[in-house]
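My notes follow the order in which I looked things up.

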Amino acid sequence: RRLPTGKELLFIESGGRIAINGVLSVWLSYSLGAEAFGVYSYLVAISMLFFTFSRFGLDSLFISRLSQLTRSQLRLVSASIAIRLVCIILTAPFFLLMISNELSNEALIVLFLIILMGVTNHLESMFFVNERYLALAKIKLTILLVLTSFKVTALAYGYGYELLFLLSVVEFGLLGIIYAAYYAQLGISGLKKIPSDAVRLFSPSLPLALSAFAAMAYTRTDQIMLKALGNEVELGQFALAARISEATLFLPVLLGNILIQRLQRNVGVDRESEVISLYRLFFWLGLAMSFFSISISFGLENFLLAPDFLGMTLLCAILGLALPFSFLGI
């Protein structure tokens with residue numbers, strides 16, 4: 001029998017992540033209650049904003065415009081790591097200060113170490129550029145299985161939101177370590193040229209950084225505002241509904257990363273018709289995921305018997321109806 005290809009394994013990993021995140025979110029909300037789950041979701045929302053901005057659009061830049069960048073991949077990798085390191089050093093103190101009231105000093109130290117370890121995790125995009133789908137799939141599947149086992153153990157033993165939050169961001173650091181080890185084998189190119197390369201790479205990555213940050217902020221600032229207003233219970237209700245609908249966005253992001261490679265290689269063909277075809281595909285995919293998200297929401301109130309989570313069905317339905325437009329945005 002034929003073994004799965006790298007692309008097929010990436011789809012399996014993405015689908016597994018969607019299913020696992022959905023189940024763990026429901027289990028976590030059931031175990032913690034709406035208020036503690038709301039605090040946990042607030043920490044994740046702040047972290048997603050920080051991690052998204054710290055990538056500085058470099059992952060999107062590599063995937064969409066690598067052929068237009070004149071420097072070698074090795075020099076681009078070196079320059080991009082320099083940009084990320086500077087960005088993380090400048091922004092990490094503000095990020096840690098924002099969440100210091102919700103985490104102990106020990107947890108803050110661990111989180112800081114995770115951030116430093118994840119300085120190269122944006123290099124995942126280079127695996128797509130080089131079409132090393134199998135290697136990337138093996139890495140992501142391994143990390144998914146390992147971290148899921150730790151999360152399940154933590155939930156089973158009733159740990160609080162601090163440990164569960166740290167486990168949710170450990171992937172950021174683990175991927176950074178693995179990608180750093182991979183590219184360390186290739187060597188660092190042009191140490192003296194890294195500053196000038198970084199400056200030239202900074203300019204085209206800035207618009208991508210701001211647009212990615214704005215898109216993430218649009219889906220996360222509502223949770224941050226609910227926390228600022230002191231509505232932790234309402235935040236827990238909304239966050240669970242948001243996580244269920246947002247989980248489905250992993251699929252179009254992965255699909256887009258793979259298909260854009262094919263689109264860029266087809267020089268001389270009718271690209272407009274291909275783009276229209278992809279646009280149509282993503283709309284129907286979004287519509288299907290919308291119905292799926294709304295359907296599973298009807299059973300949530302029966303499972304989450306606590307009065308904290310009444311009204312979940314309506315929230316999931318509203319968010320589910322927005323999915324086709326989110327998919328088109330991809």
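**Entry 1: contacts along the chain.** What share of the contacts with a separation of 6 or more comes from residues 24 or more positions apart? I found 83% in the chain, taking a contact as heavy atoms within 4.5 Å.

**Entry 2: ground rules.** I am working with a predicted model, where local features need pLDDT of at least 70, side-chain atom pairs count only at pLDDT 80 or more, and totals for chains, interfaces and linings use all residues. Residues are numbered from 1 along each chain as its sequence is written, and side-chain values use heavy atoms, with hydrogens and water left out.

**Entry 3: confidence.** I noted a chain average of 75 for pLDDT, with 76% of the residues at 70 or above; pLDDT is the predictor's confidence in each residue, from 0 to 100. Helix H4 (residues 105-117) has the highest confidence at 85, and helix H12 (residues 300-303) the lowest, with a mean of 59.

**Entry 4: secondary structure and burial.** I counted 14 helices and 0 strands. These are DSSP runs numbered from the N terminus: helices are H or I with at least four residues, strands E with at least two. Of the 330 residues, 47% are buried. Buried means under 20% relative accessible area, exposed over 50%, and partly exposed in between, with a 1.4 Å probe and protein chains only.

**Entry 5: the cores.** Which residues touch the most other members of the largest nonpolar core? They are Tyr40, Phe95, Ile99, Leu103, Leu111, Ile115 and Phe165, in a core of 41 residues. Helices supplying at least two residues each include H1 (6-55), H3 (73-99) and H7 (161-184). H1 gives the largest share, 13 residues. For the term, I used buried Ala, Val, Leu, Ile, Met, Phe, Trp, Tyr and Cys residues joined through side-chain atoms within 4.5 Å. Leaving out residues up to four places away in sequence, I saw Leu111 touch Phe95, Leu96, Ile99, Leu103, Phe165, Leu166 and Val169. A second, separate core has 31 residues, among them Leu9, Leu76, Tyr179 and Ala209.

**Entry 6: Thr120.** I found Thr120 in the loop between H4 and helix H5 (124-129). Is Thr120 buried or exposed? Thr120 counts as buried because its relative accessible area is 5%. Its C-alpha atom lies 6.1 Å from that of Ile81, 39 residues apart along the chain. Beyond four places in sequence, Thr120 touches Ile81, Arg84, Gly176, Ile177, Tyr179 and Ala180.

**Entry 7: Ser205.** I placed Ser205 in helix H8 (residues 194-228). Ser205 has 0% relative accessibility, so it counts as buried. Its contacts beyond four places in sequence are Phe56, Gly57, Leu58 and Leu61.

**Entry 8: salt bridges.** How many salt bridges are there? I got 2, requiring a side-chain nitrogen of Lys or Arg within 4 Å of a carboxyl oxygen of Asp or Glu. Arg55 and Asp59 meet at 3.3 Å, N to O, and Arg55 is partly exposed at 21%. Lys140 pairs with Glu124, with the closest N and O atoms 3.4 Å apart. This pair links distant parts of the chain, from helix H6 to helix H5, 16 residues apart. Lys140 is buried at 11%, and Glu124 is buried at 16%.
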